[in-house]
Amino acid sequence: MRILLVGHGKMGQLVGELAGQYDCEVAGVIDPVSPLHGGGPDADRWTGVDVGIDFSTAASVPINAAALARRGICLVVGTTGWSPHEAALRQVIADAGVGIVVAPNFSTGAVLFEAIVAHAAKLFAPHREFGAFLHESHHAAKKDAPSGTAILLQQDMEQAGFHRAIDVSSTRAGFIPGTHTVGFDGPAEGVTLSHAARDRTAFARRALTAARWVQGKRGWYTMRDVLGLGGEVG
């Protein structure tokens with residue numbers, strides 16, 4: 001399978017290094033700041049690419065993803081911060097008849113953590129003496145705060161029936177790969193759930209898993225679909 005790396009920062013480079021282990025050939029790179037930049041999404045050299053894996057910037061996702069989709073290239077998008085353009089990209093994906101996996105966090109543990117948090121929120125929802133909080137920490141270079149995973153966790157909790165206020169906070173410091181903590185706190189006790197990423201390998205490997213999974217599919221998917229969890233929460 002031929003993949004295209006859209007964005008060649010730390011994550012894009014790691015995906016490229018691991019691609020061979022997933023029987024994937026890297027066709028090239030789209031990243032104007034990289035010395036390996038092979039041209040924009042309309043470049044002729046991308047003809048025959050099966051899947052584009054996007055770890056770029058929020059500003060570039062709506063442009064690159066739409067152009068690649070129109071060329072019949074399926075997509076895996078791990079970039080966050082572009083949600084205001086989601087409706088437009090959904091329409092492009094539907095019109096193009098390609099598949100896309102969109103996920104703020106690709107690691108297996110994080111996806112399962114989302115399901116656990118949603119179920120916990122459903123259990124705590126009827127007990128009004130419990131409040132909830134959500135804290136996430138990432139490396140200093142991460143631009144969006146709260147993280148896409150934190151936003152998704154909050155949405156999952158609300159969809160599961162926890163309609164009280166959820167205090168959300170963020171930390172940006174050093175080289176933290178990513179930690180998300182959700183807590184339910186009552187007057188005499190509390191419960192804390194946490195997921196910590198030790199390095200970026202888990203994200204890169206599951207992005208490649210998603211690329212192999214989405215090849216030949218049509219529609220909009222998340223990592224819950226890739227892991228067979230469906231879209232249910234709670």
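I take helices (H or I, at least four residues) and strands (E, at least two) as DSSP runs, numbered from the N terminus. I am working on a predicted model, where local features need pLDDT of at least 70, side-chain atom pairs count only at pLDDT 80 or more, and totals for chains, interfaces and linings use all residues. Residues are numbered from 1 along each chain as its sequence is written, and side-chain values use heavy atoms, with hydrogens and water left out.

Backbone entry. I looked up D23 in the loop between α1 (10-18) and β2 (25-30). D23 has a positive phi of about 55 degrees and is not a glycine. Most residues other than glycine have a negative phi, and most peptide bonds are trans. I then found a cis peptide bond from A145 to P146, with omega near 0 degrees. P146 sits in the loop between β6 (131-138) and α5 (148-159).

Accessibility entry. I call a residue buried under 20% relative accessible area, exposed over 50%, and partly exposed in between (1.4 Å probe, protein chains only). D23 counts as exposed because its relative accessibility is 60%.

Helix entry. In α1 I list M11, G12, L14, V15 and L18 as buried. Viewed down the axis of α1, these buried residues fall within an arc of 165 degrees, so they line one face of the helix; the arc is that of the directions from the helix axis to the C-beta atoms. K10 and E17 are exposed on the face turned away from the buried side of α1. The cover over the buried residues of α1 includes β1 (2-6), β3 (51-54) and α6 (201-214), with contact meaning heavy atoms within 4.5 Å.

Core entry. A nonpolar core is a set of buried Ala, Val, Leu, Ile, Met, Phe, Trp, Tyr and Cys residues joined through side-chain atoms within 4.5 Å. I find 54 residues in the largest one, and I3, I53 and V76 have the most contacts inside it. Its largest share, 7 residues, comes from α6. Another core lies apart from it, with 18 residues, among them A118, A120, L134 and A160.

Sheet entry. Which strands form the open sheet, and in what order? I read 4 strands in the order β7-β6-β8-β9, with mixed pairing; two strands pair if DSSP finds at least two bridges between them. The edge strands, β7 (166-172) and β9 (190-196), each pair on one side only. β6 and β7 pair in the parallel sense over 7 bridges.
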